[in-house]
Amino acid sequence: IEHSLFLNCGMNMAIIVFWRKEICMKKMILCALAICFVLSASPTIAQVKTTRDQILFYTSGWTGERFADGRPKVPDDLLNRALDVSIEDVWDYLQSQGYKNQFEGGWQALHIEKPFAGRALTAQYMPSRPDMARAIEAEGKAEGRVSGTNSWPINELQMRDVYVADGFGKIIEGTLIGSNLGNGVAARSHTGFVFDGGIRDQEENREIPDFNGFYRGYDPSAWAQMELTGINVPIRIGRAIVLPGDLVLAKTEGVLFIPAILAEAAISSAEFINLRDAYNFELNRAGKNGAEFEGGWAPAKNAAFAKWVDAHPGMLKMPHPEF
């Protein structure tokens, strides 16, 4: 009996020891997996700059060329053509496609009379918060970034980009650029900027060649109590929603943010309306429209319009087959 009890005790002890070892092993494996997960996830959790995959997610409808960062690269030809169409004509097309939140007005500008167009590189700013600022500063240091965070988006600009920034409307100490950063934007993009915020050194920025910018106001104060929280993220500019790669059209009337996937169709539609208006204006001036000042587009009028376009080939921006 004693021998039997001894054997049973020994067996139970062995089972208990084995069970404890198995639990310890499972805990070690779970800890190791947790550490691996944290290490593998950490590079993507706190990124200020949006990843290429995230940009592809938001712009999945775009099938054309892209920048290395993933932004749609609307062709230069479309940027040039956009300068000759009206805000209303493009806006009408966007409305018809369900894009109701793409325009914002009420700007000051370096050169309000000079339109410009480019591809959106977006940036989002928020009021400063110490713990957030420390995390962002550490990330920038790890990525080799220098200077204040308001210079980080400028370093990402490509030729014919427009630096579009949500500065939450702040003007006093919300001056996202002065003359030095302004020259930086001009050197990298040769285009300009749209800031829902302020600028300083307005006079010197006006003297930069081939450079323009729209902003909420001027103030001599330096940028303070603001923090960059996102590069190439979806942002809100007033009532407009902007995605990286949007075609930005800035004119005296305001700024229109044209989704890249609709850029070609929107510009072509606006060009067609512009041509029809030019022909119709000519008929109205000559008194040949009767009471049909806006309409009357019967087959005969359409045929006459087509002949008029053929007689004015310099006015046709789109390919003739498309017209």
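How many nonpolar, polar and charged residues does the lining of the second largest pocket have by class? The first close-up of this predicted model gives the count.

View 1. By class, the lining has 10 nonpolar, 4 polar and 1 charged residues.

**View 2. The largest pocket and its lining.** Here the volume is about 230 Å³. A set of 14 residues lines the largest pocket. Phe116, Thr191, Asp210, Phe211 and Asn212 lie nearest its centre. The lining divides into 6 nonpolar, 4 polar and 4 charged residues.

**View 3. Helix H4 packs with helix H9.** H4 covers residues 87-96, and H9 covers residues 263-285. The crossing of H4 past H9 is right-handed. From H4, the contact takes in Asp89, Val90, Tyr93 and Leu94. From H9 come Ala265, Ala266, Ile267, Ser269, Ala270, Ile273, Asn274 and Asp277. Sorted by class, this contact has 8 nonpolar, 2 polar and 2 charged residues.

**View 4. Helix H9 packs with helix H10.** H10 runs over residues 299-311. The angle between H9 and H10 is about 100 degrees, and their axes lie 11 Å apart. That angle makes H9 roughly perpendicular to H10. On the H9 side, the meeting residues are Phe272, Leu275, Arg276, Ala278, Tyr279, Asn280, Glu282 and Leu283. On the H10 side, they are Lys301, Ala304, Phe305 and Trp308. The contact of H9 with H10 divides into 8 nonpolar, 1 polar and 3 charged residues.

**View 5. Helix H9 with both partners.** Residues of H9 that touch H4 include Ile273 and Asp277. Among those that meet H10 are Phe272 and Arg276.

Methods
Residues are numbered from 1 along each chain as its sequence is written. This is a predicted model: local features need pLDDT of at least 70, side-chain atom pairs count only at pLDDT 80 or more; totals for chains, interfaces and linings use all residues. Side-chain values use heavy atoms; hydrogens and water are left out. Axes are lines fitted to C-alpha atoms, for helices over the stretch in contact, and angles run from 0 to 180 degrees between N-to-C directions. Helices (H or I, at least four residues) and strands (E, at least two) are DSSP runs, numbered from the N terminus. A crossing is left-handed if the near helix is turned anticlockwise from the far one by less than a right angle, and right-handed if clockwise. Contact means heavy atoms within 4.5 Å. Ala, Val, Leu, Ile, Met, Phe, Trp, Tyr, Cys and Pro count as nonpolar, Asp, Glu, Lys and Arg as charged, and the others, Gly among them, as polar. On a 1 Å grid over the protein atoms alone, a cavity is a set of points where a 1.4 Å probe fits but cannot get out, and a pocket is an open set with protein on both sides within 12 Å along at least five of seven lines; lining residues have an atom within 4 Å of a point. Grid points are joined across faces, edges and corners, and a volume is the space filled by probe spheres set on the points. Angles under 35 degrees count as roughly parallel, over 145 as roughly antiparallel, 65 to 115 as roughly perpendicular and the rest as oblique.
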